[in-house]
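Dear colleague,

I am handing over the structure that we spoke about, and below it you will find my notes on what turned up. Please read them with the coordinates open beside you.

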Amino acid sequence: MDEPDATAIQFAPPDDNAPGGPWQLEVIVTGTGFQTRGLPLAASIGAVLVEAILPFPDGSGFSGYLATTPNDGDVLTFGFAVATVTELAYHPGEVA
């Protein structure tokens with residue numbers, strides 16, 4: 001199985017009815033190789049954990065929620081057993 005690769009990230013205001021909240025932001029990550037595995041996927045934007053992670057069924061990415069807003073320029077880190085640091089960053093002006 002190929003290692004996952006994130007190619008894009010999007011931030012959006014969360015749905016007020018999203019379970020487990022309240023959340024500050026929803027995060028959507030797209031790429032390849034995110035098929036479900038024996039180990040759970042973990043991710044963070046800087047020091048802010050991505051919670052309630054839901055991998056896409058086709059392995060093309062995942063979505064989740066942030067309880068707090070990351071710092072401008074904080075980058076995505078993700079992995080199953082080993083975290084992969086990326087260059088995909090949070091910028092407050094890019095919230096859809």
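A polar contact, as I use the term here, is a pair of N or O atoms within 3.5 Å, and within protein one of the two must be able to donate a hydrogen and the other to accept it. Please keep in mind throughout that this is a predicted model.

With that cut-off in hand, I begin with S44, which is found in strand β3. A polar atom of the S44 side chain lies 3.2 Å from the backbone oxygen of G46, and because its relative accessibility is 13%, S44 counts as buried. Leaving aside its neighbours within four places in sequence, S44 is in contact with L49 and V50, and also with V75, L76 and T77. Beyond four places in sequence, the contacts of S63 are with E26, V27 and I28, with A52, I53 and L54, and with F56.

Turning to the overall fold, the protein has seven strands and zero helices, so that the pattern read along the sequence is β-β-β-β-β-β-β. The radius of gyration is 12 Å, close to the 12 Å that the globule rule gives for 96 residues, and the protein is therefore as compact as a globular protein of that length. Taken along the principal axes, the C-alpha atoms fill a box of roughly 35 × 30 × 20 Å. Of the 96 residues, 41% count as buried, while the protein exposes about 5400 Å², of which carbon and sulfur atoms supply 54%. Among contacts between residues at least 6 apart in sequence, 57% join residues at least 24 apart.

For F62, not counting residues up to four places away in sequence, the residues touched are V27, I28, V29, F34, L41, A43, V50, I53, L54, P55, F56 and L76.

As for the aromatic residues, a search of the whole structure finds four aromatic pairs. The rings of F11 and Y90 have their centres 5.0 Å apart and their planes at 85°, so this pair is edge-to-face. Because F11 lies in strand β1 and Y90 in the segment after β7 (84-89), the pair ties together parts that are 79 residues apart in sequence. Both partners are covered by the definition of buried, F11 at 2% relative accessibility and Y90 with a relative accessible area of 4%. W23 and Y65 form a stacked pair, at 5.4 Å centre to centre and with 20° between the planes. This pair also links distant parts of the chain, with W23 in the loop between β1 and β2 and Y65 in strand β5, 42 residues apart, and W23 and Y65 are buried.

Two details of the backbone deserve a look when you go through the model. Most residues other than glycine have a negative phi, and most peptide bonds are trans. The peptide bond from G21 to P22, however, is cis, with omega near 15°, and P22 lies in the loop between β1 and β2. The phi of A52 is near 55°, a positive value in a residue other than glycine; A52 lies in strand β4 and, at 49% relative accessibility, counts as partly exposed.

Finally, a note on G73, which is found in the loop between β5 and β6 and is partly exposed, with a relative accessible area of 36%. Not counting residues up to four places away in sequence, G73 touches A89, Y90 and H91. From C-alpha to C-alpha, G73 and T30 are 19 Å apart in space, and the two are 43 residues apart in sequence.

Note on methods:
Residues numbered from 1 in each chain as written. Predicted model: local features only at pLDDT ≥ 70, side-chain atom pairs only at ≥ 80, totals over all residues. Heavy atoms only, no water. Contact = heavy atoms within 4.5 Å. Helix = DSSP H or I, 4+ residues; strand = E, 2+ residues; numbered from the N terminus. Buried < 20%, exposed > 50% of the residue type's maximum accessible area, 1.4 Å probe, protein only. Rg over C-alpha atoms; globule rule 2.2 N^0.38 Å. Areas by Shrake-Rupley, 256 points an atom, 1.4 Å probe, with all protein chains shown as cover. Phe/Tyr/Trp six-rings, centres within 6.5 Å; stacked < 30°, edge-to-face > 60°.
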